[in-house]
Amino acid sequence: MSSNVKVQPQGGFVETPYIKDLVTRALAYLQAGFAVHFCGPAGTGKTTLALHVAQKLGRPVALTYGNSDFNPTDLIGGIYGYKERKVIDNFIHSVLKTEEEMTFRWTDAALTEACRKGYTLVYDEFTRSRPETNNVLLGVLEEKLLQLPPVKIGDTWLKVHPDFRAIFTSNPEEYAGVYRSQDALRDRMITINLDHFDEETEIAVTAAKSGLPLEDARRVVKIVRDYRTKKEYEYVPTVRASIAIAKVTRLQGLKPNNSDPFFRQICLDILTSQSNRAVTN
Ligand SMILES: Nc1ncnc2c1ncn2[C@@H]1O[C@H](COP(=O)(O)OP(=O)(O)OP(=O)(O)O)[C@@H](O)[C@H]1O
Ligand SMILES: [Mg+2]
């Protein structure tokens, strides 16, 4: 069964001009009825952005995460357990009458619930699910019809609620554990490609998430960005490295100062742990 979570608004969302532009574009496409897809490397803010934009739509949010073990049931729903009703009637002591009834219970998963009730579906990392699992989305996004499996008692087609919207996120195809999504599916969504934050956004996010003053966060971010642009490593440190260094720095009561050996060691540990699959040559 998929994680089918109703998401509450989160605090601490940073909105710089870079983020505002992305939010405005995504909302424009969603309001016109299109599905939106944020695609980008790790740590480029896809999940945070997807949840923020979903909340802006003002409808409940159904969140699900892709993975390779996913099957259509995890996306659509299935029969989970049954309800048993037993009546024992021995009103007349010499006669014992029993009556049993078993009802199988269908449970909607995130996609079906969102389609049925007009929620916003956030399908995070959707390309971690196998393409055949995601096939059901083709009809949902194009014909606005969700095909339910034959095990479902009752209708096998569900007309998608007019308020239903879908936001997808994915890592680029070269990432490990990511499937290449069908062209037909990509063709049914508007993809916004993301890259690492601009400097202003990375500083603002780092300060907000770590509690480090803005000026100190700026120094930390400069170290991480310098390391990132060196391109000596296959895996570059993301904003998570900036946040981690900043958080440890604040909690240890340090200043981001290169001449402090402890601060230097923290930077080294965090930066190399994020990029330890270094390209050796
Ligand atoms: N607009 C924002 N405001 C505040 N924090 C943010 C914002 N965007 C991203 N972050 C923070 O930056 C970090 C990375 O963001 P997020 O998890 O959304 O990236 P991602 O692209 O989904 O990464 P991954 O591909 O690894 O899942 C998280 O700690 C998140 O809380
Ligand atoms: Mg994510």
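## Basis and confidence

Residues are numbered from 1 along each chain as its sequence is written, while chains are lettered from A and ligands numbered from 1 in the order in which they are written. In this predicted model local features need pLDDT of at least 70, side-chain atom pairs count only at pLDDT 80 or more, and totals for chains, interfaces and linings use all residues, with side-chain values resting on heavy atoms and both hydrogens and water left out.

The average pLDDT (the predictor's confidence in each residue, from 0 to 100) is 89 for the protein, and 87% of the residues score at least 70. Over residues 1-9 pLDDT stays under 50, and for this stretch the model has 31 contacts beyond four places in sequence, a contact being heavy atoms within 4.5 Å.

## The shell around ligand 1

Ligand 1 has 20 residues around it, of which Val 14, Lys 46, Thr 47, Thr 48 and Arg 240 come nearest; a residue is near if one of its heavy atoms lies within 4 Å. By class the shell divides into 9 nonpolar, 7 polar and 4 charged residues, where Ala, Val, Leu, Ile, Met, Phe, Trp, Tyr, Cys and Pro count as nonpolar, Asp, Glu, Lys and Arg as charged, and the others, Gly among them, as polar.

Domain 1 (5-76 + 108-193) and domain 2 (199-274) each contribute at least three residues to this shell, the bounds coming from an automatic or database domain assignment.

## Polar pairs and burial

Oxygen atoms of ligand 1 lie 3.1 Å from a polar backbone atom of Thr 44, 3.0 Å from one of Gly 45, and 2.8 Å from a side-chain N or O atom of Arg 240; a polar contact is a pair of N or O atoms within 3.5 Å. Taken alone, ligand 1 exposes 630 Å², and the protein buries 86% of that, by the Shrake-Rupley method with a 1.4 Å probe.

Key. A polar contact is a pair of N or O atoms within 3.5 Å; within protein, one must be able to donate a hydrogen and the other to accept it, and residues adjacent in sequence count only if both atoms are side-chain atoms.
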